[in-house]
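Hello,

Here is the structure I promised to pass on to you. Please open it first and have a look around, then read my notes below.

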Amino acid sequence: MTGLDRLPGVVVATLAFILWSLAFGLLYVAVSLGCAWGWDRPAWMGLSLQRWVLLGVWAVHLAVLGALLARSWRGTRWGDAEASFRPVLATGGLGLALAATVWCGLPVLLASDCL
Amino acid sequence: MSRTQPGVTGPATPPTEPAMSPLRRHRLLDAIWRTPPGLGRLGAVNHSIVGARFMMTAFVFFAIGGILAMLIRAQLARPGHVFMPPEQYNQVFTMHGTVMMFLFAIPMFEGLAMYLLPKMLGARDLAFPRLSAYGYWCYLLGGGFIIGAMLAGVAPDGGWFMYTPLSSSTHTPGINADVWLLGITFVEISAIGAAVEITASILKMRGAGMALRRMPILAWYFLVTAVMMLVGFPPLILGSILLEVERAFGLPFFDPARGGDPLLWQHLFWLFGHPEVYIIFLPAAGVISTVLPVFARHRLVGYNAIVLALVAMGFLSFGLWVHHMFAVGIPHIAQGFFSAASMAVAIPTAVQIFAWLATLLKGRPRLDLPMLYLLGFFFIFVNGGLTGVMVAVVPFDWQVHDSYFVVAHLHYVLVGGFVFPLMAGAYYWMPLVTGRMPIYHLGRAAFWLIFVGFNLTFLLMHLTGLLGMPRRVYTYPAGIGWDWLNLLSSVGGFMTAIGFALFAVDMLMQRRFGRHAPRNPWGAESLEWSLPLPPPSYNAASLPPVDSREPLAAHPGLGRALAAGQHYLATPRHGWMETLGVEVVSGRPDQIILLPRPTLLPLWTALATGLCFLAMLLKQYWLVGAGAALVLALALFWLWSMGMREDPAPLPIGHGESALPHPGVASQPGWWGMALLLVADGALFGSLLFGALFLWVVAPGWPPPALLGFSPWLALLALAGLLGAPLAGALGLAALRRGRMGACAALFLLGAPAGLLGAGAVAALPLRHGAPPTSHAYAAAMLVLALYVALHAALGAVMAAYTAARCGSGHVSALRDLAPRNTLMWQGYTALCGLAALLLLQFWPWMAAP
Amino acid sequence: MRRLAPGAALALAGCSGPLSTLDPAGPGAASVAALWWVMFFAASAILLGVCAVALYALRRERRGRGLDAGRFVAGWGVAFPVTVLAVLLVIALRTGEGMLPKPGPEGALRVEARGQQWWWGFTQHDAAGGPVHTAGELHIPAGRAVDVHITAADVIHSFWVPRLTGKLDAIPGHENVLRLRADAPGVYEGQCAEFCGLQHAQMDFRVIVHPAGAYEAALAALAAARPDPSHPGAADFAASCAGCHAADARQDGAAPNLAGLARRGRIGGGTLENEGRESILLWLRRHETLKPGSREPSHAALDDAALSRIADYLETAR
């Protein structure tokens with residue numbers, strides 16, 4: 001917590017988007033591996049192993065980003081002034097990265113497995 | 001902040017030497033900084049000269065690319081028109097894309113950044129002036145190499161994307177494809193160099209007190225762009241190396257018959273290619289964020305939000321590459337991820353568009369010449385952005401992919417998003433470069449010709465694409481609705497070309513006949529306008545303190561104060577080329593950076609590098625080795641000539657403050673240079689790992705017929721060498737800290753045989769494979785992986801020996817420890833890559849066996 | 001789309017064409033065309049809006065100074081595009097899902113398409129399971145789902161019939177499956193959409209859609225469309241052409257299958273309209289200048305009489 005507060009805003013935003021990159025990369029890798037290794041057959045509760053892995057990867061990253069955002073949110077002064085630079089980049093970066101992770105994971109809910 | 005932040009024009013500290021007149025100061029500084037005339041110009045390293053050379057050369061390539069475009073439009077004006085035979089047409093469209101992307105857009109950005117950054121940030125030059133000069137020569141030679149091939153009729157003809165297997169030696173047996181692969185890689189060297197240069201300069205070389213949060217917005221754009229280049233270009237460099245190795249030596253990375261996969265090339269290419277689009281767009285967007293507020297007469301709305309948007313775009317743009325591959329048969333869900341990311345990247349773009357609109361709405365805009373081009377930008381770029389969202393829609397892209405719809409889209413984005421803002425920037429900054437104001441009538445006429453001609457050409461092309469016309473056809477049949485569209489596109493194309501010619505004439509006329517510009521003619525608020533026009537070789541006679549985002553708005557008299565020597569580093573000493581280094585985040589001064597003088601070394605090194613590439617093209621591999629040895633020798637000589645033989649003491653820098661010269665400072669540009677280079681190198685290694693894993697999972701013909709044997713002794717030897725080198729280095733550095741120079745030299749010297757041992761053992765590992773590397777992509781990939789590590793370990797050995805010699809020659813001390821630290825950083829990086837490579841080389845067989 | 005305003009009708013008239021994505025003749029292309037019109041009108045509105053704001057900002061007397069810039073950027077730069085794009089993303093994914101080759105109750109007809117420099121070869125099976133090889137023309141039934149299994153023999157090509165559905169690449173080492181369905185019988189133009197070398201422009205094909213009931217008969221006719229073996233040209237053909245070309249739809253070959261050549265609309269991947277014997281002869285005489293670079297060897301060794309006999313022989317294959 002305190003560690004996060006001490007980092008420059010642009011570093012926090014970068015870390016946040018590195019988490020997004022991880023989520024995005026792992027989702028893509030999981031689809032590729034799953035389709036190559038036949039994880040797309042129904043396995044548990046009507047969903048394939050593939051789908052469970054994707055949901056898991058997505059959820060973990062959402063949880064981490066969500067927790068970081070919640071910590072960073074309090075006391076954020078939004079605005080355009082120099083004084084708001086760090087909070088806008090830090091909290092805004094975490095918020096945007098979280099939104100981007102939600103957004104880019106949507107196909108997990110909407111698309112079929114390996115077609 | 002306020003502790004070290006003196007008032008800007010206030011009398012808090014007296015000027016360092018009140019007796020010196022501005023003219024005398026100018027003479028003294030100019031004697032130190034100016035580039036010698038005549039042949040001495042070849043040794044120029046000054047950022048203004050090198051930056052201007054980059055931009056002018058890029059403009060020449062733009063003209064060449066434009067002429068090629070006119071040839072394309074001439075061919076397609078009528079159905080069944082045989083203006084060029086297909087083999088020539090294929091060379092022409094390949095060269096058009098290649099020239100515009102690699103020889104125009106990227107170098108133009110590099111030149112602009114090199115020219116502007118020091119002036120804008122309040123510095124006297126860039127961090128590695130000789131590196132910029134080397135980069136320029138590499139660019140000029142590489143570009144000349146490609147254009148020369150075109151004039152000789154052996155230009156690349158496989159499209160600027162060079163898809164295999166069409167570009168393989170089976171289907172393109174001549175040297176055309178080699179020209180592309182080698183020439184572009186040569187030019188990319190300059191791009192990586194420029195990216196390192198720009199990043200290190202922005203981070204370390206700014207005016208005193210210019211904290212990150214108050215950097216000019218353009219510097220943020222350039223910073224994000226340069227970091228993206230560091231990560232985005234290595235995949236293409238790797239892909240080009242692999243394809244050239246496949247063509248030259250038959251290692252089958254992309255051949256599906258032997259465990260390779262043509263899709264790997266597409267991944268590596270677009271892993272570079274999509275970020276590339278943003279690498280081109282972002283600097284131009286930065287120009288808009290800089291120029292638009294000046295003509296809106298209102299400070300930029302949303303500085304903080306825009307910086308955040310830039311970081312977001314920097315990352316998101318790496319998640320789009322597969323949208324160039326929606327038709328290759330990837331699972332729909334994976335296409336969905338990339339489709340979603342492609343739409344998401346529209347949000348940070350929209351933030352900028354609406355921040356610009358808000359700036360216009362809040363201000364009192366005046367429709368000056370640069371503003372006219374910015375309005376053109378709004379129409380064209382927003383149009384291109386909207387069609388960009390459309391092609392991000394997977395099913396829509398299945399229809400329009402590789403049709404003229406995409407040609408229209410990409411020209412709207414690149415011309416709207418790069419060329420128009422750049423022309424606005426050209427009119428805006430020309431007074432800075434030439435000291436003369438634009439001539440309005442010509443500029444207006446050029447704008448309308450280009451704007452109308454461009455839209456005539458490309459707006460219609462959307463429809464041509466929807467009516468089914470595919471890209472890259474040298475002819476098309478009459479009577480299917482494409483005839484009149486193509487004819488009008490050709491008319492518009494020639495109109496645009498006339499407009500650009502007029503623009504070029506305007507620029508020349510302005511240089512010759514424009515009326516002299518007063519200081520800060522546009523009433524701008526960033527530091528480059530505090531300089532006399534045109535700026536002297538050393539930029540500012542004293543370096544500015546900065547306490548706000550708009551320094552000239554806060555202190556209108558800053559320019560005179562700088563010229564009068566009232567601020568930092570006003571008095572030259574020892575003939576040193578001094579500029580200020582600052583802490584990255586706070587912008588507090590932390591060192592005096594001493595820059596190197598003009599020299600022909602960059603030119604010679606670039607010529608030697610060119611020799612390597614030429615020898616590879618001609619398949620004279622002994623000459624490649626000789627050229628590489630020459631490059632290495634020149635590089636060592638180059639490095640050896642710099643540095644200090646005694647510990648520096650803190651020196652006064654003005655305003656009652658003092659700082660150490662950079663050789664005595666930990667966070668000096670040289671350290672950043674090495675760290676950033678390793679970021680790019682890491683991206684290359686990461687792409688190599690990605691490639692190997694991709695082949696394993698996706699390529700046909702796996703598992704390979706034979707796997708690499710387990711060789712515990714060889715692996716242990718490799719491990720000992722690879723880990724021993726950094727261990728010896730770390731001990732050597734510790735000895736240095738305790739002042740034991742002899743032990744330090746000995747330990748680093750020990751790193752040399754350790755590195756060579758590691759290199760030899762790693763390189764020997766794949767030889768334990770029963771099958772030759774040409775038999776299967778697995779064997780080929782393992783060989784390349786091992787050679788990558790071996791090359792790094794061998795170079796590490798050279799660096800270790802160099803460091804030991806530097807210890808002996810008195811260039812190293814506990815304070816002046818850059819050589820040992822950089823060597824250790826390299827050895828550590830090599831060890832990490834070596835561990836990853838050893839894991840794959842030795843344990844993959846077990847994982848892949850079932 | 002049933003009741004069109006006059007303006008839209010005029011626009012649509014300019015949108016027809018044998019390769020037009022906006023003149024759909026199957027459900028895949030139709031869903032994309034519908035998507036296009038929605039996006040077109042939305043994008044036009046946004047573009048005009050942005051330009052209108054920019055031009056409005058240039059007016060001297062206006063009341064923009066009190067604008068809350070933060071809200072303006074957050075609202076129009078973030079909230080508005082997020083809303084629009086969210087709707088678009090869902091529609092896009094659902095449309096894409098609808099075009100995938102999902103297994104259905106009726107079962108899709110399987111055909112194979114193979115791209116090579118510079119022609120398309122097709123293989124399908126009749127009701128008895130016998131293979132039918134064709135080149136440049138693919139025969140399918142109307143109203144039935146067809147799965148085209150796409151492969152490549154040399155470099156990457158792309159299979160594209162714009163009026164039926166989107167394109168899909170033919171990649172060496174991979175097999176891709178494209179779902180097609182044509183609503184009505186007719187002839188639909190197709191072409192290679194991925195740059196594949198010298199004659200990329202001359203790599204057309206046709207999808208010939210038969211009434212559902214006539215499809216099997218059409219396949220049988222193709223299989224029977226061999227040239228007359230007693231024709232004097234048969235010997236020339238056997239000596240000079242048969243090494244690569246099969247003239248029997250039951251056999252495959254390295255070069256385009258010539259069974260039923262006389263009935264094909266075009267020759268040489270779209271290089272020539274087929275107007276009978278003269279067209280075939282023209283091709284035989286001048287193919288090197290008509291389609292430079294094609295893999296077909298030179299016919300310089302054959303005299304004109306032999307070429308005429310071969311043309312006559314192939315003309316019997318109908």
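Let me start with chain B: a compact globule of 850 residues would have a radius of gyration near 29 Å, and chain B agrees with this because it has 28 Å. That radius is taken over C-alpha atoms, and the globule rule is 2.2 Å times the number of residues to the power 0.38.

Before going on, a word on where the values come from. This is a predicted model, where local features need pLDDT of at least 70 and side-chain atom pairs count only at pLDDT 80 or more, while totals for chains, interfaces and linings use all residues. Residues are numbered from 1 along each chain as its sequence is written, chains are lettered from A and ligands numbered from 1 in the order in which they are written, and side-chain values use heavy atoms, with hydrogens and water left out.

Back to chain B. Its secondary structure has 24 helices and 4 strands (DSSP runs numbered from the N terminus, with helices being H or I of at least four residues and strands E of at least two). The C-alpha trace of chain B spans about 80 × 75 × 50 Å along its principal axes. Of its 850 residues, 68% are buried (buried is under 20% relative accessible area, exposed is over 50%, and partly exposed is in between, with a 1.4 Å probe and protein chains only). Contact means heavy atoms within 4.5 Å. Among the contacts in chain B between residues at least 6 apart in sequence, 82% join residues at least 24 apart.

Now chain C, which has 7 helices and 12 strands. A compact globule of 318 residues would have a radius of gyration near 20 Å, but chain C has 25 Å. Along the principal axes, the C-alpha trace of chain C spans about 90 × 45 × 45 Å. Buried residues make up 54% of the 318 in chain C. For contacts in chain C with a separation of 6 or more, 63% come from residues 24 or more positions apart.

How do the chains meet? Between chain C and chain B, 76 residues of chain C are in contact with 78 residues of chain B. Together these two chains bury about 6300 Å², with 75% of it on carbon and sulfur atoms (buried area is the accessible area, with a 1.4 Å probe, that two parts lose on being put together, summed over both). On the chain C side, L58(C), K167(C) and F195(C) lose the most area to chain B, together 10% of what that side buries.

Chain C also meets chain A, through 10 residues from chain C and 7 residues from chain A. About 760 Å² is buried there, and carbon and sulfur atoms give 83% of it. L89(C), L93(C) and E97(C) supply 52% of the area that chain C buries against chain A, more than any other three residues.

T164(B) sits in the loop between α4 (129-151) and α5 (176-204) of chain B. Is T164(B) buried or exposed? T164(B) has a relative accessible area of 1%, so it is buried. Leaving aside neighbours within four places in sequence, T164(B) is in contact with L243(B), F254(B), P262(B), W265(B) and I156(C).

The other is W76(C), in helix α3 (residues 69-98) of chain C. W76(C) has a relative accessible area of 44%, so it is partly exposed. Not counting residues up to four places away in sequence, W76(C) touches F354(B), R71(C) and P81(C).

Happy exploring!
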